[in-house]
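Student: I should like to learn how to read a structural model step by step. May we begin with the surfaces that face the DNA?

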Number of protein chains: 2
Amino acid sequence: MTVPEGQTKEQLPPTRKGAATRRRIVEGAAREIREAGVFALRLEDVMARTATSKSQLFHYFPGGKDDLLLAVARLEAARVLDDQQPELGALTSPQAWWRWRDKVLARYRAQGVSCPLHVALSQLGTATGAGRAVAAELLAQWQRRLAAGIRHLQRDGENIAAGLDADPDAGLDADREAAALLAGIQGGVLILMTTGSADHLEAALDSGLARLGLAP
Amino acid sequence: MTVPEGQTKEQLPPTRKGAATRRRIVEGAAREIREAGVFALRLEDVMARTATSKSQLFHYFPGGKDDLLLAVARLEAARVLDDQQPELGALTSPQAWWRWRDKVLARYRAQGVSCPLHVALSQLGTATGAGRAVAAELLAQWQRRLAAGIRHLQRDGENIAAGLDADPDAGLDADREAAALLAGIQGGVLILMTTGSADHLEAALDSGLARLGLAP
DNA sequence: GGGTTTTTGGACTTGTGGGTCCATTTTCGG
DNA sequence: CCGAAAATGGACCCACAAGTCCAAAAACCC
């Protein structure tokens, strides 16, 4: 109802060749954005890089540029979680948590000042709603896994410190803490994007883990 | 050196009338953005709303749209800190911290899904560097005040709990904790912008304050 | 009050890059 | 191997808002 135009449907091409072309276009656009930024992104560039014609672009992305951008956003969103695996999927020990922390930090340090997902989303004109949905879904999944990891920590803490009461994170609401940690990460990345320094991201991660009772 | 074109200089009009016009334009553009978003922002709209002509726009903002956007960003950046006063300037007691927390939360809840500053910055084409500078300066000031507040808390803690060692925040690096807290806020706002829910912002704030030893 | 600078009006240019169309070729199912 | 559906090439369009210009009016300074 709130999506009057735009082509939000994932439309998978029926033929093998078509699917390949579509993939090529999306990946090419993604690389283009990573290298040159979204501002510079013209359909022509994508055409040149992926050796396709305009008719193909509009064939696979009837909604035009927004549609393509949305596909790129989906790709990049998937990559965000993938890049944190396998740790994010199995935050079952303090060691796993720290490995995860290091991976996140390294990933965003390497990515540097330009976040393809954030920037793709920000350029979405008409299909803003759909873009938000992609981002929201990513955040939800991310948070879910963090919360699972926190609960794991809490269970282990209970077993080990049964009888004692020194466990720092026993009384915490796992979802809420996951939300706070996720917010810290997002903010850290945002600040990294504007200042070029990952200090805030690192501080947020370390502060968050400390709060969960994980000492460096 | 890295600013080849663009008009980064603040150029204050020499005459009274000129200054007024310039202000009118910036404020009109800011309102326009708040109401309709940046995507919708056309110079014509600004002209209509502020009763100015194109020559005026380019007279006061030789760099064109980017230049204007930058001015809006500066305005909104100033507003961000102002809206947190007077608490942010005097985080000298737990009560002040909590009042500040409430104010931040209320401010961003009211602002809702669209952050004028963030969105103005994101639309800056050429003058991206200058935009980053504005954002970086805002973050730096913000963090400085948080850090000052944390140090205050630590000093008070020492006095009160002299001899004891139960003070939770005594050993913390104030700047680092301020950085983490700021990251949480930024991330919370970012998430608010994409999901419409302020839960993350609230979680980040509460988690951050708890870490500073401030119980609700 | 006169000369200079600033401010303002508004018509005109521009060019760019997104979007449309149709003809041709290729793929694919049976 | 044939006919339908899908994929592709590339010419064309064109809206549209950013940016330019010059001349008239107002403000300022002494």
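Tutor: We begin with a term. Helices are runs of at least four residues assigned by DSSP, and they are numbered from the N terminus. Please also keep in mind that this is a predicted model.

Student: Which helices each supply at least two residues of the surface near DNA strand D?

Tutor: From chain A they are α1 (16-36) and α3 (54-60). From chain B they are α1 (16-36), α2 (43-50) and α3 (54-60). With four residues, α3(A) gives the most to this surface.

Student: Which residues come nearest to DNA strand D?

Tutor: There are 23 residues around DNA strand D, and the nearest of them are Pro13(A), Gly18(A), Ser55(A), Leu43(B) and Gly64(B). Sorted by class, the surface near DNA strand D has eleven polar, eight charged and four nonpolar residues.

Student: What should I find around DNA strand C?

Tutor: DNA strand C is surrounded by 23 residues, with Leu43(A), Gly64(A), Pro13(B), Gly18(B) and Ser55(B) closest. Two or more residues come from each of α1, α2 (43-50) and α3 of chain A, and from each of α1 and α3 of chain B. The largest share, four residues, belongs to α3(B).

Student: Where does Thr52(A) lie, and why is it called partly exposed?

Tutor: Thr52(A) is in the loop between α2 and α3 of chain A. It counts as partly exposed because 19 other C-beta atoms lie within 10 Å of its own. Not counting residues up to four places away in sequence, Thr52(A) touches Thr21(A), Ile25(A), Met47(A) and Leu57(A). Thr52(A) and Arg22(A) are 30 residues apart in sequence, and their C-alpha atoms are 9.9 Å apart in space.

Student: How many helices and strands are there in chain A?

Tutor: Chain A has nine helices and zero strands. Of its 216 residues, 38% count as buried. Among its contacts with a separation of 6 or more, 66% join residues 24 or more positions apart.

Student: What is the general idea behind a nonpolar core?

Tutor: In soluble globular proteins, nonpolar side chains tend to be buried together. Here the largest nonpolar core has 114 residues, and those with the most contacts inside it are Val72(A) and Val72(B). Setting aside neighbours within four places in sequence, Val72(A) is in contact with Val26(A), Ala29(A), Ala30(A), Ile33(A) and Ala120(A).

Student: How many residues does each chain bring to the contact between chain A and chain B?

Tutor: Chain A brings 29 residues and chain B brings 29 residues. On the side of chain A that touches chain B, two or more residues come from each of α7 (128-160), α8 (174-195) and α9 (199-211). The most, 15 residues, come from α8(A). By class, that side of chain A has 14 nonpolar, ten polar and five charged residues.

Student: Against what do the buried residues of α9(B) pack?

Tutor: They pack against α8 and α9 of chain A, together with α5 (94-111) and α8 (174-195) of chain B. Those buried residues include Leu201(B), Leu205(B) and Arg211(B).

Student: Which part of chain A calls for caution?

Tutor: Where pLDDT is low, the predicted coordinates should not be read in detail. The mean pLDDT of chain A is 89, but pLDDT stays under 50 over residues 1-8.

Definitions and conventions:
Residues numbered from 1 in each chain as written. Chains lettered and ligands numbered in written order. Predicted model: local features only at pLDDT ≥ 70, side-chain atom pairs only at ≥ 80, totals over all residues. Near = placed C-beta within 6 Å. Nonpolar A, V, L, I, M, F, W, Y, C, P; charged D, E, K, R; others polar. pLDDT = per-residue confidence, 0-100. Contact = placed C-beta atoms within 7 Å. Buried ≥ 20, exposed ≤ 12 C-beta atoms within 10 Å, placed from the backbone. Core = buried A, V, L, I, M, F, W, Y, C linked by C-beta atoms within 7 Å.
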